[in-house]
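I opened the notebook to go through a structure from the fold down to single rings. My entries follow in the order in which I looked things up.

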Number of protein chains: 2
Amino acid sequence: MSNLDLAFAALADPTRRRIVARLTRGELRVTDLAQPFAMSLNAVSKHVKVLEGAGLVGRRREGREHYLRLRAAPLREVARWTAQYERFWTRRLDALGAFLDGQKENGDEGSQ
Amino acid sequence: MSNLDLAFAALADPTRRRIVARLTRGELRVTDLAQPFAMSLNAVSKHVKVLEGAGLVGRRREGREHYLRLRAAPLREVARWTAQYERFWTRRLDALGAFLDGQKENGDEGSQ
DNA sequence: GTATTATTCAACCAAAAGGTTGAATGAATG
DNA sequence: CATTCATTCAACCTTTTGGTTGAATAATAC
């Protein structure tokens, strides 16, 4: 699984996006992070592992407590990937007129 | 499932990202779209349906042929969501220094 | 009208995802 | 040392995902 696969998949779950949002305020222990969620601590712990797997969360152990923090680098990759398509949503390129001008530029198949 | 859920989930699959990339060159029939992929036409057809479900692909029927085109609007939403975190990857905010300044600004929980 | 072509629908399958509960590990605390 | 607290591990379950094959539908071509 590529980096981008992992990042997109990790962010596809709304709970995980909330976790990411929550971590913008600073480090949190797993228990504190889990507190507002209507699911078991175990479930949140699993979500955190998915985010770690995608490089979106880092962990620092301090005794029995694990402090989690946001690691935004993969978000940068996602942003870069989507930015490739910016010209398709700016201007009317998104709509029907897309190919009146097209067909020549942009010879590559995009990433992966 | 929210729009953003659907968009992220759709983009998590590399085949689907290739489809999106492919459609930047213009409209394609399902068969032509499927041609370079090492999987059955049916599989590609299913991927297309996922992309349609996320609003990333539009379809125009012309007789028995279905012409697919990119609809980039959901990509714009993804870009907007990730842009929220831009300040966490620019500067050294991503790394350990993230909370030296933090704790005050950004009172919301992000989207959804 | 009979093939052929473009596409989907339906059933099936294996693997992954998202959750649960219960037990294990390992620090801190009384 | 016995307990409690923070966290993970493991097993299990249900639903979703990504693929297959085979049949159905519907438009074109011979």
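**Entry 1. Elements of chain A**

I took helices (H or I, at least four residues) and strands (E, at least two) as DSSP runs, numbered from the N terminus. On that basis, chain A comes to seven helices and three strands. I read the elements from the N terminus on as α-α-β-α-α-β-β-α-α-α.

Two notes on the ground rules. This is a predicted model, where local features need pLDDT of at least 70, side-chain atom pairs count only at pLDDT 80 or more, and totals for chains, interfaces and linings use all residues. Residues are numbered from 1 along each chain as its sequence is written, chains are lettered from A and ligands numbered from 1 in the order in which they are written, and side-chain values use heavy atoms, with hydrogens and water left out.

I then checked burial. Buried means under 20% relative accessible area, exposed over 50%, and partly exposed in between (1.4 Å probe, protein chains only). Chain A has 112 residues, and buried ones make up 43% of them.

Contacts came next, meaning heavy atoms within 4.5 Å. I looked at contacts in chain A between residues at least 6 apart in sequence: 51% of these join residues at least 24 apart.

**Entry 2. The sheet in chain A**

Two strands pair if DSSP finds at least two bridges between them. Chain A has an open sheet of three strands in the order S1-S3-S2, with antiparallel pairing. Strand S1 (28-29) and S2 of chain A stand at the edges with a single partner strand each, so one side of each has no neighbour in the sheet.

I followed the bridges. S1(A) and S3(A) pair over two of them, in the antiparallel sense. Arg29(A) has Tyr67(A) in S3(A) as its bridge partner. Strand S2 (residues 57-62) and strand S3 (residues 65-70) of chain A are joined by six bridges. Arg61(A) stands opposite His66(A) there.

What lies between S2(A) and S3(A)? I found a hairpin with two residues between the strands, and Gly63(A) in the turn has a positive phi of about 65°.

**Entry 3. The sheet in chain B**

I repeated the search in chain B. The order is S1-S3-S2 in an open sheet of three strands, with antiparallel pairing. Strand S1 (28-29) and strand S2 (57-62) of chain B are the edge strands, each pairing on one side only. Six bridges join S2(B) to S3(B). Val57(B) has Leu70(B) in S3(B) as its bridge partner. Gly63(B), in the hairpin turn between S2(B) and S3(B), has a positive phi of about 65°.

**Entry 4. Helix H5 of chain A**

I asked which residues of helix H5 (residues 73-83) of chain A are buried. They are Pro74(A), Leu75(A), Val78(A), Ala79(A), Trp81(A) and Thr82(A). Seen down the axis of H5(A), these fall within an arc of 160° (taken from the directions from the helix axis to the C-beta atoms), so they line one face of the helix. Their cover includes helix H1 (3-11) and helix H6 (86-89) of chain A. From chain B it includes H1, helix H2 (14-22), H5 and helix H6 (86-89).

**Entry 5. Aromatic rings**

Rings of Phe, Tyr and Trp (its six-membered ring) pair if their centres lie within 6.5 Å; planes under 30 degrees apart count as stacked, over 60 as edge-to-face and the rest as tilted. The whole structure gives seven aromatic pairs over all chains. The rings of Phe8(B) and Trp81(B) have centres 5.7 Å apart and planes at 80°, so I logged the pair as edge-to-face. Phe8(B) lies in helix H1 (residues 3-11) and Trp81(B) in helix H5 (residues 73-83) of chain B, so the pair ties together parts 73 residues apart in sequence.

Phe8(B) is buried at a relative accessible area of 0%. Trp81(B) is buried at 3%. Trp81(B) also forms a tilted pair with Tyr85(B), 4.9 Å centre to centre with 50° between the planes.

I traced one aromatic cluster through Phe8(A), Trp81(A), Tyr85(A), Phe88(A), Phe8(B), Trp81(B), Tyr85(B) and Phe88(B).

**Entry 6. The nonpolar core**

A nonpolar core is a set of buried Ala, Val, Leu, Ile, Met, Phe, Trp, Tyr and Cys residues joined through side-chain atoms within 4.5 Å. The largest one has 62 residues, and Phe8(A), Tyr85(A), Phe8(B) and Tyr85(B) touch the most other members. I listed contacts of Phe8(A) beyond four places in sequence; among them are Val78(A), Trp81(A), Phe8(B) and Leu11(B).
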